[in-house]
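This briefing accompanies the sequence and coordinates displayed below.

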Amino acid sequence: MQYIKMESKKHVCPSAPLYEGSRLLGIVNENNEVSILTEPMEIDDVFIASASKGKLPEQKFRFTNKCVKSGCKQWTGEQCGVIKRVLENIEQSTIKNELPECNIRSECRWFDQEGISACKVCTSIKYINYIS
Amino acid sequence: MNGVAENPTKSRQLNSIKMSSTKFTLELKGIELPKSTQEEISKALNQTLMHKIGELDLAPESSEAHSNSNSPFYLNKFRIDGGEIAKLLNKDLLSQIEKELKIPKEDNFYIAKNAIH
């Protein structure tokens with residue numbers, strides 16, 4: 001008999017693309033880092049319309065949505081490959097000592113996986129899936 | 001490049017939280033409006049706030065790809081999932097790699113990372 005490991009806890013992705021159910025988690029600031037909102041903001045069509053002008057919304061903002069695990073190409077099979085890769089490669093100088101005040105930690109995929117190490121680099125991470 | 005080697009099981013204590021905020025308050029002193037009008041105005045203000053937040057684009061221009069030049073090279077400084085990369089990319093080379101590896105255009109930032117980095 002085979003047992004399938006069930007994960008009961010629901011996680012959220014702290015760097016999701018903008019799609020149905022996404023909430024605003026952060027705004028890319030003048031230093032090209034992300035200012036994290038303490039409480040993710042519900043967004044509406046008005047926001048989506050204005051955010052979609054010019055650059056891609058994901059270049060200007062960070063969004064959170066449910067972690068879709070194997071439905072995401074960043075999923076390695078067991079965990080999120082993004083935060084692991086970032087922690088392995090990020091410049092030491094980019095790592096923050098101060099952590100953003102953030103209310104999604106209890107359900108954050110990255111925090112669950114890497115602890116506060118994830119929070120220390122979180123503001124440096126931007127979702128970009130396209131360059132031209 | 002240096003990795004962060006903190007043990008996640010031992011590093012969950014959040015002892016240095018950064019707090020910052022932006023506050024908007026609006027108070028009309030001296031007048032009392034009907035509740036329905038207050039709600040209407042409140043809704044309109046929220047809509048304006050959402051619109052203006054959506055319009056924000058604070059990211060520096062240097063983070064964008066400069067691809068309008070006639071030169072086959074362009075400097076593209078951006079962060080790929082947190083790893084900052086500033087490379088002089090050759091557009092022709094990049095498209096050749098795309099073609100060879102048959103990787104869709106939308107995945108080309110991975111090519112940049114894996115093949116050129």
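Which residue in E4(A) does A:Val12 stand opposite? In this predicted model, the residue facing A:Val12 is A:Lys66, and the pairing to which the two strands belong is described below together with the rest of the sheet.

**Sheet**

- Strand E1 of chain A, residues 12-16, and strand E4 of chain A, residues 61-66, are joined in the antiparallel sense by three bridges, and A:Cys13 of chain A has A:Asn65 in E4(A) opposite to it.
- E4(A) also runs antiparallel to strand E2 of chain A, which spans residues 23-28, with four bridges between them; at A:Leu24, the bridge partner in E4(A) is A:Phe63.
- The open sheet of chain A consists of four strands in the order E1-E4-E2-E3, with antiparallel pairing.
- E1 and E3 of chain A each have a single partner strand and stand at the edges, so one side of each lacks a neighbour in the sheet.
- From one strand to the next, the twist averages 25 degrees.
- As a general point, the strands of a sheet pair through backbone hydrogen bonds, in either a parallel or an antiparallel manner.

**Overall fold**

- Chain A contains five helices and five strands, and these elements follow one another from the N terminus as β-β-β-α-α-β-α-β-α-α.
- For the 132 residues of chain A the globule rule gives 14 Å, and the radius of gyration is close to this at 15 Å, so the chain is as compact as a globular protein of that length.
- Taken along the principal axes, the box filled by the C-alpha atoms of chain A is roughly 55 × 35 × 30 Å.
- Of the contacts in chain A between residues at least 6 apart in sequence, 72% link residues at least 24 apart.

- Buried residues make up 43% of the 132 residues of chain A, and the largest nonpolar core has 35 residues, of which A:Ile83, A:Val86, A:Trp110, A:Ala118, A:Val121 and A:Cys122 touch the most other members.
- Among the elements of chain A that give two or more residues to this core are the strands E1, E2, E3 (34-42) and E4, together with the helices H1 (45-51), H3 (81-89), H4 (109-114) and H5 (116-122).
- H5(A) supplies the largest share of this core, namely five residues.
- When neighbours within four places in sequence are left aside, the contacts of A:Trp110 are A:Pro14, A:Cys80, A:Ile83, A:Ala118 and A:Cys122.
- In soluble globular proteins generally, nonpolar side chains tend to be buried together.

Technical notes. Residues are numbered from 1 along each chain as its sequence is written. Chains are lettered from A and ligands numbered from 1 in the order in which they are written. This is a predicted model: local features need pLDDT of at least 70, side-chain atom pairs count only at pLDDT 80 or more; totals for chains, interfaces and linings use all residues. Two strands pair if DSSP finds at least two bridges between them. The radius of gyration is taken over C-alpha atoms; the globule rule is 2.2 Å times the number of residues to the power 0.38. A residue is buried if 20 or more other C-beta atoms lie within 10 Å of its own, exposed if 12 or fewer, and partly exposed in between; C-beta atoms are placed from the backbone. Two residues are in contact if their C-beta atoms, placed from the backbone, lie within 7 Å. A nonpolar core is a set of buried Ala, Val, Leu, Ile, Met, Phe, Trp, Tyr and Cys residues joined through C-beta atoms within 7 Å. Axes are lines fitted to C-alpha atoms, for helices over the stretch in contact, and angles run from 0 to 180 degrees between N-to-C directions.
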